[in-house]
Amino acid sequence: MEESKSKSQSVACPFESTETTIKHHHARESSHAACDKLIQQTGKKGNDDKSSRCTRYHSSGKKTLLHHHFSSSYITGEDNNEIAVARMLIERSIDMGGSKARSIDIRGTKVRLGGMQEHGDSVLTVVSDDHTGRTPLHNLFESSFRRLSHIRYVELIIEMSARVDEKRKTSFYWNELMLQQNRWGATPLHRMAVNTAIEYRAVSAVLKKCNDAWGSGCLIHPLLQRNNYGDLPIHFACDQADSSEQWIEAFVGFLDSDYKVTYDTVFKRCLILMLDRFIDEHYEEFEQFCDDNNWWSSEETEERECVSLQLILSSNERLDDIDWSSLRTPFDDLLPKLRVLLEAAAKSNMYHTHQTQEYEISFESVHLAASVPNFPTFILQMMALHDQSAMLRTDEHGRIPLHYALVATPGNQEQDSGKDCYGVDLVYWSTNFESRSLVQFILDNAPSSADIHDGDGRLPIHLAIANNRDLSSVVLPIIAAYPGSISAIDPCTNLKPFLLAASHDNASLDLIFRLAALEPNLINA
């Protein structure tokens, strides 16, 4: 989704990015020794292949010495000398901020000196004069085969950014660093999201600092900065084959402490990427799934695999008609990642609808999926196939999925059933592809759930009316599944369903009259 990784390796040359520091390099003997060691190693490598050295020169262009330091294959993040070198490079650039940019030649490589845009900047924000347009932080977080611990470098950069803020009398220089974009629009956080080898402690420290700085007046949260292709860092995190639920949770959890992001801003593309990767990684199992369910996409439509999967799930009225056996084991790996997105989306819905948390977030996956009605249908369908008994199982709060579906609200966020930029149709409830509502789907597969009380003793009919649910797609299907519910007294209000509807400020007259007409005792009277 972004630039391809450069095949040529950058020259490791951790000198200072200001001319003054080069003249006074001998003042720091330990740092000087580290520099000498790395230059000798790089020089030996370059002398082995003169053409390779030339390639490095032409591909790398003009970079600061910190660019070269952070892209070196010799740094480990654990050696005191190399950390001291990085500290010296950054400190001197802060002290010499505002110096005019120029270049020198070191071992056949053009190295950029100075060039900070204003007094108070540092070398951390300097963009390389080559086709990539990267800052040193892009290089630090770049995926590579090197074994590098990032936490000490992250702590150093946090410390140095505070020095710049102190000099500027501001408090958001850190987020300026994280908002710097390369030629493809990627920020350092985009590069970090791809590099799952970075330790979780370092990722957490970076993202926590982003949140702290954003609260201090930064215009945009770095996690909401898109690249040139419209991708956020969380989209990169979801698209990695080896990303864990903890990795995804880091980027989602720090995205906004108040969950102010909208569904279409984040989750839609995450789900498409995760579904695509799930099928790609288990293509043989997916083909078997299609065979087991007698489904083959026609040559005329040339459906993508993820489209076929959704159509198979929605074309069967009952889950019992679907053979899930071939995908059961592969889905075990995807399930925890989907839970992370579901939980964040549930909290986002609550925030956008100003909903008081009437129901807590469930630890049960099917229950949680039922509480996010604006997610595509395949999420709940796959989870329910994976654990069909969950449809009638009460969770730790004494509730079943139907209870959550009736209480949850999708918010004012539109559901776009059209094609995404990846050319994928996502299927939503109550659309052309899946005409049933979320509640109808649950009742089709677990009709007896209409007769199960929640932890407060309320039946689904009471929850549907209290939450002003639609008559035809919600209320009537519940009554059809459990006719006796029309006369059941709500334990919270001591009212029968039609009186409960009449007491609701926003209830439609049609709903009230239909419920009254169905109430047998009222008709007899």
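## A covered helix

The buried residues of helix 18 are Thr-377, Phe-378, Ile-379, Leu-380, Gln-381, Met-382, Met-383, Ala-384, Leu-385 and His-386, where buried means under 20% relative accessible area with a 1.4 Å probe and protein chains only. Helix 18, spanning residues 377-386, is thus mostly covered, with 10 of its 10 residues buried; helices are DSSP runs (H or I, at least four residues) numbered from the N terminus.

The model is predicted, with local features requiring pLDDT of at least 70 and side-chain atom pairs pLDDT 80 or more, whereas totals for chains, interfaces and linings use all residues. Residues are numbered from 1 along each chain as its sequence is written, and side-chain values use heavy atoms, leaving out hydrogens and water.

## Aromatic pairs

Across the whole structure, a search finds 8 aromatic pairs, counted when ring centres of Phe, Tyr and Trp (its six-membered ring) lie within 6.5 Å, with planes under 30 degrees apart stacked, over 60 edge-to-face and the rest tilted. The Trp-324 and Phe-331 pair is edge-to-face because the ring centres are 5.6 Å apart and the planes lie at 75°; both residues are buried.

Trp-429 and Phe-441 form a tilted pair, 5.1 Å centre to centre with 40° between the planes.

## Helix 5 against helix 7

The axes of helix 5 (residues 80-95) and helix 7 (residues 151-168) come within 11 Å and cross at roughly 15°, the axes being lines fitted to C-alpha atoms over the stretch in contact, with angles from 0 to 180 degrees between N-to-C directions. Helix 5 and helix 7 are therefore roughly parallel to each other, a term for angles under 35 degrees.

Key:
Buried < 20%, exposed > 50% of the residue type's maximum accessible area, 1.4 Å probe, protein only. Helix = DSSP H or I, 4+ residues; strand = E, 2+ residues; numbered from the N terminus. Parallel < 35°, antiparallel > 145°, perpendicular 65-115°, else oblique.
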